[in-house]
Amino acid sequence: MTRFNFSLPHEYILRKAKPVDFWLIAFLIFKARLDPTQLNWQKFWVIEHCGHLVAFGQLRNFHLAQELGSLYVVPNFRNQGLGAFLIANLITQATQPLYLKCLKKELKQFYVKRGFQPVNFEALPSSLKAKFRLSYFRKRFFNAFVEFMKY
Ligand SMILES: CC(C)(COP(=O)(O)OP(=O)(O)OC[C@H]1O[C@@H](n2cnc3c(N)ncnc32)[C@H](O)[C@@H]1OP(=O)(O)O)[C@@H](O)C(=O)NCCC(=O)NCCS
């Protein structure tokens, strides 16, 4: 199992999202063209810096599975470990087998380093197959980059 360094610099705060975070999270998800499904603020974890939200991610619930998704770090705060820290935190929150869908080739190694491994579409739980079917067709018939991964 992959081990993580859980330290976050003291000027950052990890917390569960609050209702007031919702519109900024929704705006940034649409702006970054991330998956806009299951946008319930209650499920999000955020990282705050000087009172400002700078990163977030969530676990989506499915039958017998969860999906790590909506991972986002504000551009000026990237490459400081915040994304990895959020992933590590979300992994500890997961209560079901954990999956994700990676649509960016350059991020595959990022997830592998955090303990995720590629899995075939056929090996996904049926609840996730239903959700990922369209991406699977894009991968199969249009050669789009899509990697299904399991922790
Ligand atoms: C992906 C994302 C969450 C990473 O957050 P982050 O805080 O910069 O990540 P960390 O600082 O923890 O880790 C940076 C690592 O990711 C790699 N990485 C991040 N974005 C990358 C990119 N676009 N291309 C290549 N590598 C990238 C870095 O090289 C670094 O690798 P390392 O662990 O080997 O040093 C952030 O870039 C982001 O919000 N991107 C836009 C939204 C997005 O694409 N979300 C993921 C959807 S699948």
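Visitor: How many helices and strands are there in the chain?
Guide: The chain has four helices and seven strands. Keep in mind that this is a predicted model.

Visitor: In what order do the elements run from the N terminus?
Guide: The order is β-α-β-β-β-α-β-α-β-α-β.

Visitor: What is the radius of gyration of the chain, and what does the globule rule give?
Guide: The radius of gyration is 15 Å, and the globule rule gives 15 Å for 151 residues, so the chain is as compact as a globular protein of that length. Along the principal axes, the C-alpha atoms fill a box of roughly 45 × 35 × 30 Å.

Visitor: How much of the chain is buried?
Guide: Buried residues are 25% of the 151 residues.

Visitor: Which residues have the most contacts inside the largest nonpolar core?
Guide: Those are Ala55, Phe56, Leu82 and Leu86, in a core of 27 residues. At least two residues of this core come from each of strand E2 (44-49), strand E3 (52-62), E4, H2 and strand E5 (98-102). E3 gives the largest share, six residues. In soluble globular proteins, nonpolar side chains tend to be buried together.

Visitor: Back to Phe56. What does phenylalanine 56 touch, leaving out residues up to four places away in sequence?
Guide: Phenylalanine 56 touches Ala17, Ile25, Phe44, Trp45, Val46, Ser70 and Tyr72.

Visitor: And H2? Which of its residues are buried?
Guide: In H2, the buried residues are Leu82, Gly83, Phe85, Leu86, Ile87 and Leu90. Their cover includes E2, E3 and E4.

Visitor: What should the 12 residues of H2 span, and how far apart are its end C-alpha atoms?
Guide: At 1.5 Å a residue, H2 should span 16 Å. The end C-alpha atoms of H2 are 17 Å apart, which agrees.

Visitor: New topic, the ligand. How many residues surround it, and which are the closest?
Guide: The ligand is surrounded by 19 residues, and the closest are Val73, Arg78, Gly83, Ala84 and Glu106.

Visitor: Which elements each supply at least two residues of that shell?
Guide: Strand E4 (65-73), helix H2 (82-93) and helix H3 (108-113) do.

Visitor: How does the shell around the ligand divide by class?
Guide: It has 11 nonpolar, four polar and four charged residues.

Visitor: Last one. What share of the contacts with a separation of 6 or more joins residues 24 or more positions apart?
Guide: The share is 62%.

Terms used
Residues numbered from 1 in each chain as written. Predicted model: local features only at pLDDT ≥ 70, side-chain atom pairs only at ≥ 80, totals over all residues. Rg over C-alpha atoms; globule rule 2.2 N^0.38 Å. Buried ≥ 20, exposed ≤ 12 C-beta atoms within 10 Å, placed from the backbone. Contact = placed C-beta atoms within 7 Å. Near = placed C-beta within 6 Å. Nonpolar A, V, L, I, M, F, W, Y, C, P; charged D, E, K, R; others polar. Core = buried A, V, L, I, M, F, W, Y, C linked by C-beta atoms within 7 Å. Expected span 1.5 Å × (residues − 1).
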